[in-house]
Amino acid sequence: HGGLRPQAMARACSYIHGHISEHMSLAELAQIACVSRFHFARQFRVSTGLSPMAYITHIRIELAKWRLAQGDQPICRTALE
């Protein structure tokens with residue numbers, strides 16, 4: 001019950017995953033979801049169990065773990081990405 005509308009959540013998650021190595025602000029993500037920053041932050045947490053920034057950090061860590069497991073690039077490159 002609650003959370004972002006499915007379309008808004010899909011837009012936000014698509015943007016996050018497509019721009020994971022870039023800086024993202026709460027205002028930018030809220031604009032993509034077409035809601036206010038306050039509403040986005042609150043409803044994103046309801047939808048995912050994480051704040052938007054914690055979610056981004058989680059995705060970045062999972063991506064880094066996957067890249068490290070592949071072993072096809074130096075660790076320092078993975079850290080920079």
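In which helix do Phe40 and Phe44 both lie, and how many residues apart are they? Both belong to helix α3, 4 residues apart, which is about one turn of the helix. The model is a predicted one, in which local features need pLDDT of at least 70 and side-chain atom pairs count only at pLDDT 80 or more, while totals for chains, interfaces and linings use all residues. Residues are numbered from 1 along each chain as its sequence is written, and side-chain values use heavy atoms, with hydrogens and water left out.

The overall architecture comes before the details. The secondary structure of the protein chain comes to 5 helices and 0 strands, where helices (H or I, at least four residues) and strands (E, at least two) are DSSP runs numbered from the N terminus. From the N terminus on, the elements therefore read α-α-α-α-α under that DSSP numbering. Taken along the principal axes, the C-alpha atoms of the protein chain fill a box of roughly 40 × 25 × 15 Å. Of its 81 residues, 30% count as buried, a term that means under 20% relative accessible area, with exposed meaning over 50% and partly exposed in between (1.4 Å probe, protein chains only). Among contacts between residues at least 6 apart in sequence, 52% join residues at least 24 apart, contact being defined as heavy atoms within 4.5 Å.

The packing of two helices can be followed next. Helix α2 (residues 26–33) and helix α3 (residues 37–48) pack at an angle of about 85°, with their axes 9 Å apart; here axes are lines fitted to C-alpha atoms, for helices over the stretch in contact, and angles run from 0 to 180 degrees between N-to-C directions. That angle makes α2 roughly perpendicular to α3, since angles of 65 to 115 degrees receive that name, those under 35 count as roughly parallel, those over 145 as roughly antiparallel and the rest as oblique. On the α2 side the contact is made by Leu26, Ala27, Leu29, Ala30 and Ala33, and on the α3 side by Arg37, Phe40 and Ala41. These residues divide into 7 nonpolar, no polar and 1 charged, with Ala, Val, Leu, Ile, Met, Phe, Trp, Tyr, Cys and Pro counted as nonpolar, Asp, Glu, Lys and Arg as charged, and the others, Gly among them, as polar.

Phe40 leads on to the aromatic residues. Rings of Phe, Tyr and Trp (its six-membered ring) pair if their centres lie within 6.5 Å, and planes under 30 degrees apart count as stacked, over 60 as edge-to-face and the rest as tilted. By this rule the count comes to 2 aromatic pairs. Phe40 and Phe44 form a tilted pair, 5.4 Å centre to centre and with 40° between the planes. Phe40 counts as buried because its relative accessibility is 0%, and Phe44 is likewise buried, with a relative accessible area of 0%. The rings of Phe44 and Tyr55 have their centres 5.2 Å apart and their planes at 75°, so this pair is edge-to-face. Because Phe44 lies in helix α3 and Tyr55 in helix α4 (residues 52–70), the pair ties together parts that are 11 residues apart in sequence. Tyr55 is buried as well, with a relative accessible area of 13%, and Phe40, Phe44 and Tyr55 form one aromatic cluster.

The largest nonpolar core has 18 residues, of which Leu4, Ile16, Met24, Leu29, Phe40 and Phe44 touch the most other members; such a core is a set of buried Ala, Val, Leu, Ile, Met, Phe, Trp, Tyr and Cys residues joined through side-chain atoms within 4.5 Å. The elements that give two or more residues to this core are α1 (6–18), α2, α3 and α4, and α1 gives the most, with 6 residues. Leaving aside neighbours within four places in sequence, Phe44 is in contact with Leu4, Met9, Ile16, His39, Gly49, Leu50, Ser51, Pro52 and Tyr55.

Cys34, in the loop between α2 and α3, is exposed at a relative accessible area of 56% and has a positive phi of about 65° although it is not a glycine. Most residues other than glycine have a negative phi. Gln73, placed in the loop between α4 and α5 (75–80), counts as buried at 18% relative accessibility.
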